[in-house]
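Dear colleague,

Please find the structure below, handed over for your files. My notes on what was found in it follow directly after.

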Amino acid sequence: MATGFILKGQVLSFSGSPFGGGQPEDAARLQEAVAVQDGLIAGAGTLAGMQALLPEAEVRDHGQNLILAGFVDAHVHYPQTAIIASWGKRLIDWLNSYTFPEEMRFADRGYADEIAGRYLDLTTAHGTTTVCSYCTIHPESADAFFAAAQARGQRVAGGKTCMDRNAPEGLRDTAQSAYDDSEALIRRWHGVDRLEYAITPRFSPTSTPEQLEAMGSLWAKHPECLMQTHLSEQTDEIAWVRELFPQARDYLDTYEEFGLLGAKGLYGHAIHLEERERHRLREYGAALIHCPTSNTFIGSGLFDMAGLMAEGQRIGLATDTGGGSSFSMLRTMAAAYEIGQLRGTPLHAAQLLWLATQGSAAALRMDGKIGNIAKGMEADLVVLDLASTPAISQRAARAEDIWEAVFPTIMMGDDRAIAEVWIGGRRV
């Protein structure tokens with residue numbers, strides 16, 4: 001039997017949601033050490049307790065560094081890696097000017113392999129251990145993504161993007177080919193190692209009713225899969241949806257009508273929701289994915305975190321690479337804080353860290369496996385250096401508790417703050 005290893009430091013875990021009432025920090029727990037064996041968390045507690053649990057294990061002492069579950073990014077577009085931080089467009093112009101021309105290149109499996117590997121290397125360097133990604137319409141792009149994640153031992157979700165209208169020639173499939181290609185990918189990848197498939201209609205404007213119906217039928221046939229799409233990102237997008245679906249009650253209804261509303265549904269952005277939409281999303285237990293750097297970079301609007309959490313919505317956090325302007329979940333947490341401030345409800349450090357770990361894992365229905373430090377969980381871990389730069393160090397030195405100590409890293413940290421990353425119990 002493997003001897004495993006022990007990480008010593010400030011080990012952060014969550015016993016519940018810090019949005020659940022009371023003080024946010026009451027949902028968190030700090031311990032001294034975490035023990036890992038055979039890719040799983042063997043336990044967490046005192047160093048002596050963990051050494052008694054794994055007597056022959058190596059101890060890696062991280063001093064006052066913070067050890068927590070690896071970050072979980074619940075909405076990304078790995079094919080947009082090379083066009084991140086492109087200037088001056090809103091959503092529809094962004095797609096036409098930057099996204100669609102770049103996605104055309106993913107018919108080339110070699111290029112897809114190159115970008116998939118680059119993307120996972122970049123995000124791992126920022127402490128992200130799980131992502132849920134859109135691919136392109138090309139099945140090869142999904143093959144490349146899953147193969148790259150499999151080689152790294154990562155738990156990821158992803159899916160071939162489906163579009164049969166309002167996209168360029170060469171970047172459209174059909175209702176039937178989208179169904180057939182997606183089902184073939186499900187059979188090839190879903191449940192293999194740590195890989196999960198997400199059925200992926202991009203959004204209502206780029207799918208005909210026939211394709212949305214086909215995707216709904218596929219999801220009904222494979223309810224074990226996630227389903228991801230976009231919802232109510234920008235007001236001009238919503239107006240476009242109204243033109244394309246004049247009989248729909250609202251944007252969400254364009255999915256609901258075709259069986260694309262469910263508990264394993266992931267709805268990216270969800271900024272400008274109507275009351276009926278909020279009610280139905282909550283009723284189904286669907287997940288809303290907050291993409292704060294994208295929402296500010298593309299000028300979409302301010303997500304109502306406080307209001308939606310108070311309603312009992314399931315919410316994850318995401319970079320939305322490359323509409324989002326950073327690969328870093330630290331920067332994403334900082335942007336979520338800033339949006340909260342603009343809406344009059346600043347988020348506590350415990351809430352931000354929970355959103356980037358357990359909250360996003362719960363959105364992906366993976367919270368029984370990743371996103372927290374508890375016995376039996378998969379050992380995806382990140383070690384944060386809370387003094388990674390002079391500016392952060394001098395502010396953290398004045399901290400009176402762990403939350404004051406970590407907050408400067410959330411607001412100003414980057415990949416220099418990532419001291420170590422472990423995926424499936426293996427250091428990367």
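Helices (H or I, at least four residues) and strands (E, at least two) are taken here as DSSP runs and numbered from the N terminus. This is a predicted model, in which local features need pLDDT of at least 70 and side-chain atom pairs count only at pLDDT 80 or more, while totals for chains, interfaces and linings use all residues. Residues are numbered from 1 along each chain as its sequence is written, and side-chain values use heavy atoms, with hydrogens and water left out.

On that basis, His126 is placed in the loop between helix H3 (109-125) and strand E6 (128-134). His126 is buried, with a relative accessible area of 14%; buried means under 20%, exposed over 50% and partly exposed in between, using a 1.4 Å probe and protein chains only. Leaving aside residues up to four places away in sequence, His126 touches Phe71, Phe327, Ser328, Asp414, Asp415 and Ile418, where contact means heavy atoms within 4.5 Å. His126 and Val421 are 295 residues apart in sequence, yet their C-alpha atoms are 8.8 Å apart in space.

The chain as a whole contains 15 helices and 16 strands. Its radius of gyration is 21 Å, close to the 22 Å that the globule rule gives for 428 residues, so the chain is as compact as a globular protein of that length. The radius is taken over C-alpha atoms, and the rule is 2.2 Å times the number of residues to the power 0.38. Of the 428 residues, 62% count as buried. Among contacts with a separation of 6 or more, 75% are accounted for by residues 24 or more positions apart.

The structure also holds 13 aromatic pairs. Rings of Phe, Tyr and Trp (its six-membered ring) pair if their centres lie within 6.5 Å; planes under 30 degrees apart count as stacked, over 60 as edge-to-face and the rest as tilted. Phe106 and Tyr111 form an edge-to-face pair, at 5.2 Å centre to centre and 70° between the planes, and both residues are buried. Tyr255 and Tyr267 form a tilted pair, with 6.3 Å between centres and 50° between planes. Tyr255 lies in helix H8 (residues 253-256) and Tyr267 in strand E11 (residues 265-269), so this pair ties together parts that are 12 residues apart in sequence. Finally, one aromatic cluster is formed by Tyr78, Phe106, Tyr111, Phe145, Phe146, Trp189 and Tyr197.

Yours sincerely
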